[in-house]
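Please read them with the structure open.

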Amino acid sequence: MKNFWNFLRSKVFLFNIGLAFLVIVVISIFALQWLKKSTNHGEFVEVPDLSKLSVMEMRGVIEDANLRYEVLDSANFNPEYPRFSIIEQDPPAGNKVKENRKIYITVNPSGYKKVTVPNIIQVTQRNAGSMLRAVGLDVERITYIDELGKDMVYYIRHKGKTINPGDKIQKTSKIELVCGNGTITGRAQVKADSQ
């Protein structure tokens with residue numbers, strides 16, 4: 001045991017310990033400098049504002065800023081933005097990011113998605129309006145015809161053409177409801193008289 005303590009106090013051991021410490025310090029300094037250069041430490045790029053740009057314009061802006069992009073699934077149509085333009089981006093404009101960072105963008109689709117016309121035949125006009133609004137359609141006007149069921153829907157029209165429940169039309173379309181006015185028609189009176 002005495003030899004071991006003598007060895008720990010020897011000049012050779014202390015010299016080797018000092019040399020090992022110096023090598024560790026030098027390697028650490030070089031490693032930190034290399035990391036600074038390879039990660040562009042302290043160098044940032046400002047994320048450009050891509051809103052309302054077309055996809056082609058966005059590509060040019062992204063490449064000029066030395067960034068990358070990924071298009072996320074298109075969102076619901078937003079009429080305030082042009083078709084096929086950028087409506088969202090992550091990270092937002094103005095953020096500082098490293099070069100080659102990926103920017104996630106959402107593109108405005110070409111129009112509203114199509115929705116299925118609900119079955120509102122033989123439903124009251126009031127309930128039919130609620131059912132249409134629930135799927136994203138609007139009642140533009142109500143037309144009355146001579147039929148017994150007052151305020152009962154008999155036909156549905158879109159742009160002057162009769163449509164059926166289950167048909168697909170663009171969301172936010174304007175619908176015309178053809179409802180009964182409560183008047184007994186001539187053919188209904190003839191049937192009632194003949195019995």
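1. Helices here are DSSP runs of H or I with at least four residues, numbered from the N terminus. On that basis phenylalanine 15 belongs to helix α2, residues 11–38. The model is a predicted one.

2. Phenylalanine 15 is exposed, because its relative accessibility is 55% and the cut-off for exposed is over 50%. Phe15 is part of a nonpolar surface patch, together with Leu19, Leu22, Val23, Val26, Ile27 and Phe30. The accessible area of these residues together is about 710 Å².

3. Helix α4 spans residues 125–135, and its buried residues are Ala128, Gly129 and Leu132. They sit on the same side of α4, because the arc they cover around the axis is only 100 degrees. Arg126 and Ala134 are exposed and lie on the face turned away from the buried side. Just after the helix, glycine 136 has a positive phi of about 100 degrees.

4. What do the buried residues of α4 pack against? Their partners are the strands β7 (138–150), β8 (153–158) and β11 (174–180). Of the seven residues in β11, six are buried, so the strand is mostly covered under the cut-off of 20% relative accessible area.

5. β11 pairs with β7 in parallel fashion through eight bridges; isoleucine 145 stands opposite glycine 180 of β11. The pairing of β8 with β11 is antiparallel and has four bridges. Tyrosine 155 has valine 178 in β11 as its bridge partner.

6. There are five salt bridges in the structure. One of them joins arginine 141 to glutamate 176, with 3.5 Å between the closest N and O atoms. Arginine 141 is in β7 and glutamate 176 in β11, so this pair ties together parts 35 residues apart in sequence. Arg157 joins Arg141 and Glu176 in a network of salt bridges.

7. Lysine 96 and glutamate 46 form another salt bridge, with the closest N and O atoms 3.4 Å apart. Since lysine 96 lies in β4 (residues 96–97) and glutamate 46 in β1 (residues 45–46), the pair ties together parts 50 residues apart in sequence. Lysine 96 is exposed at 55%, and glutamate 46 is partly exposed at 47%.

8. Lysine 102 and glutamate 70 also meet in a salt bridge, at 3.2 Å from N to O. This links β5 (residues 102–107) with β2 (residues 68–72), parts 32 residues apart in sequence. Lysine 102 is partly exposed at 25%, and glutamate 70 is partly exposed at 32%.

Terms used:
Residues are numbered from 1 along each chain as its sequence is written. This is a predicted model: local features need pLDDT of at least 70, side-chain atom pairs count only at pLDDT 80 or more; totals for chains, interfaces and linings use all residues. Side-chain values use heavy atoms; hydrogens and water are left out. Patches are made of residues with over 30% relative accessible area and no salt bridge: like charges are joined within 9 Å, nonpolar side chains (Val, Leu, Ile, Met, Phe, Trp, Tyr) within 5 Å. Accessible areas come from the Shrake-Rupley method with a 1.4 Å probe; for residues, only the protein chains shown count as cover. A salt bridge is a side-chain nitrogen of Lys or Arg within 4 Å of a carboxyl oxygen of Asp or Glu. Helices (H or I, at least four residues) and strands (E, at least two) are DSSP runs, numbered from the N terminus. Buried means under 20% relative accessible area, exposed over 50%, partly exposed in between (1.4 Å probe, protein chains only). The arc is that of the directions from the helix axis to the C-beta atoms. Contact means heavy atoms within 4.5 Å. Two strands pair if DSSP finds at least two bridges between them.
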